[in-house]
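Hi,

Here is the structure I promised to pass on. Have a look first, and my notes follow below.

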Amino acid sequence: MSRNPYLPYPAHIEEVVVENEARDIKTFRLAFEDLDSAAAFRHLPGQFAELSLPGVGEAPFGIASSPTEADYLLFTVKRVGLFTTELHSLEPGAGIGVRGPMGRPFPWDRMAGKDLVIVGGGFAFTTLRAAIKYILDPAHRGDFGSVLVIYGARAPGELMYRRELAEWQGRDDIQVHLTVDKADEGWTQHEGVVTSVLEALKPSSENALALACGPPIMIKFTLVSLHALGFPDDAVILSLEMRMKCGIGKCGRCNIGSKYVCKDGPVFTHEELRALPAEY
Amino acid sequence: MTEKTIAHTDLETFLDRLRAAGVVYAPAEDEAGDVALTEVSPTEPVVLEYSNFHLSPKGFFLPQNQTLLCFKDGKAAEPSPPDQETFLFGVRPCDARALLALDQVFLDGEQSDPYYARLRATTTVIALACTRPMPSCFCTSVGGGPGDGAGADILAVGLEADLLLRAQSPKGEDLRANRARESGQQRPAPARCVRLSALGSRQPEMPCVWDVQLPLPHVPLLRHHRRGPGLPRPARQDVGLLRLSALHAARFRPQSPPHAQGTVAAADHAQVPVRSGESRSALLRGMRPVHPELSG
């Protein structure tokens with residue numbers, strides 16, 4: 001009999017990094033308590049996991065680390081509710097449960113050999129970070145064509161993973177463009193929404209796929225821009241944000257029409273999403 | 001699947017035997033006077049005259065409260081499974097069939113739900129064929145019927161003086177066989193089944209309770225005979241629908257055997273083919289007149 005999918009793997013927090021000036025987004029580095037759990041947890045970027053705190057509850061989060069970062073898992077969490085507030089109060093060493101990995105990852109088979117346009121906004125950048133780390137790994141970089149990343153936030157202080165962003169901007173095998181809605185003193189990069197940068201750069205849609213994660217309003221206009229650049233709907237890959245519960249397509253908390261976001265998603269192409277009823 | 005009968009007066013003995021093997025829930029009146037599936041004590045009367053319960057037996061398989069995990073030495077562990085069998089006696093065929101729909105989600109597919117699976121494994125469902133369908137019933141619209149045994153382990157049918165038990169699953173077969181071993185006797189199939197088979201309506205060696213044509217009051221069947229997604233279409237309509245409108249007669253024309261085909265003509269009813277050419281009253285003979293409309 002296979003393992004009970006409702007039982008979390010035991011883990012603990014190794015490190016907590018505050019990601020923004022508002023201090024309401026933190027990245028938690030988790031390590032499993034035992035080797036068996038670590039060996040059993042095999043994920044691909046785009047998947048999510050359920051984090052649980054005894055006596056508090058359980059909530060789904062996209063996995064922000066790539067499987068190439070083998071020794072730990074990263075989850076970047078914004079403080080918004082009961083569970084995340086409790087999580088934010090934890091210090092390194094605290095125990096936590098991890099259930100997963102769950103859901104359909106980014107379509108890595110389809111992405112092989114393609115140029116990639118990655119558009120992210122705000123703190124939805126987490127699984128895109130995992131994807132970029134995965135792509136840039138020496139073992140995988142040769143599998144993909146050019147990689148263009150456009151990442152926008154409200155203000156410079158809201159950009160996450162700043163040390164890594166700076167590192168990526170220093171590389172020649174990836175183009176990273178950062179933009180903020182409102183620049184402050186000292187900001188020398190783009191100012192404006194991600195779509196203005198996208199339209200200025202005009203990446204070719206030929207043999208290319210686009211990955212977009214961000215707030216609904218950003219997705220709405222990014223889809224228009226990508227369409228204008230010639231990206232067909234099935235070449236635009238999106239990830240849905242949803243309050244998944246069981247994570248295995250049983251509880252019916254996250255279904256949209258006949259699709260379960262937890263099992264059939266959270267990654268969908270724009271074409272697949274258009275076929276779903278407009279419930280989200 | 002095999003079947004056997006027990007006398008109605010032996011029902012208590014039958015339930016006592018089940019009690020020896022686990023917990024028995026059977027229809028009994030609750031404080032409000034409603035019939036509900038209750039853990040009945042040997043002295044409590046079991047009610048067999050009811051349409052259906054207010055609460056479906058779904059709660060036995062997906063309880064509102066359930067311990068999903070506990071912690072031992074800081075590690076999450078699965079609580080130990082139920083240590084005894086649960087017997088649900090008197091589940092209506094519609095509710096038993098509904099379990100098959102739940103199975104599609106919680107048992108079948110790439111990932112089954114372990115908590116549902118183990119409650120399903122430790123629960124024996126004994127359905128009781130429905131002799132009092134209500135105008136609002138819709139079992140026939142989802143592929144079932146008042147005498148349908150799908151989803152149950154055993155189907156019980158109330159006959160004149162007996163209760164016919166028909167095994168529907170290997171588990172039900174075991175239960176039936178165990179009881180046969182214990183009592184050391186197995187009564188023959190009821191005479192009316194044999195008589196009907198002698199009329200050539202079906203294979204004599206396969207006594208089939210459906211040929212008794214469960215008496216139905218006039219059920220105003222709704223026009224939407226859509227079947228539920230994924231539910232198997234029954235090989236034939238299991239239920240004798242004798243008073244049918246022309247529309248329903250066309251829809252539910254039974255698969256007629258090549259011989260012994262007759263019709264019942266009635267002024268206010270469509271001509272409905274009935275096996276063997278027996279009159280309706282003959283077909284209904286032997287059924288317990290539990291419904292006032294049928295007692296004439």
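Let's start with a definition: a salt bridge here is a side-chain nitrogen of Lys or Arg within 4 Å of a carboxyl oxygen of Asp or Glu. Between chain B and chain A the count of these is zero.

Before the rest, some housekeeping. This is a predicted model, where local features need pLDDT of at least 70 and side-chain atom pairs count only at pLDDT 80 or more, while totals for chains, interfaces and linings use all residues. Residues are numbered from 1 along each chain as its sequence is written, chains are lettered from A and ligands numbered from 1 in the order in which they are written, and side-chain values use heavy atoms, with hydrogens and water left out.

Back to the interface. Contact (heavy atoms within 4.5 Å) involves 16 residues from chain B and 13 residues from chain A. The buried area, meaning the accessible area (1.4 Å probe) that two parts lose on being put together, summed over both, is about 1,200 Å², with 64% of that from carbon and sulfur atoms. Five residue pairs across the interface are in polar contact, both residues at pLDDT 80 or more. For that, a pair of N or O atoms must lie within 3.5 Å; within protein, one must be able to donate a hydrogen and the other to accept it, and residues adjacent in sequence count only if both atoms are side-chain atoms.

Now chain A. Helices (H or I, at least four residues) and strands (E, at least two) are DSSP runs, numbered from the N terminus. "Buried" means under 20% relative accessible area, "exposed" over 50%, and "partly exposed" in between (1.4 Å probe, protein chains only).

Which residues of helix α5 (residues 162–169) of chain A are buried? They are A:E164, A:L165 and A:W168. Seen down the axis of α5(A), these fall within an arc of 105° (taken from the directions from the helix axis to the C-beta atoms), so they line one face of the helix. They pack against α4 (126–136), β8 (147–153) and β9 (175–180) of chain A.

Helix α4 of chain A also holds A:A131, which is buried at 0% relative accessibility. Leaving aside neighbours within four places in sequence, A:A131 is in contact with A:P45, A:F106 and A:W108.

A:S65 sits in the loop between β4 (57–62) and β5 (73–78) of chain A, and is buried with a relative accessible area of 0%. A polar atom of the A:S65 side chain lies 3.0 Å from the backbone nitrogen of A:L74. Not counting residues up to four places away in sequence, A:S65 touches residues including A:H43, A:Y72 and A:R129.

Most residues other than glycine have a negative phi, and most peptide bonds are trans. The bond from A:G100 to A:P101 is cis, with omega near -5°, and A:P101 lies in strand β6 (residues 95–102) of chain A. Another cis peptide bond joins A:G265 and A:P266, with omega about 5°.

A:R23 is not a glycine but has a positive phi of about 60°; A:R23 is exposed, at a relative accessible area of 52%. A:K202, also not a glycine, has a positive phi of about 45° and is exposed at 60% relative accessibility.

Cheers
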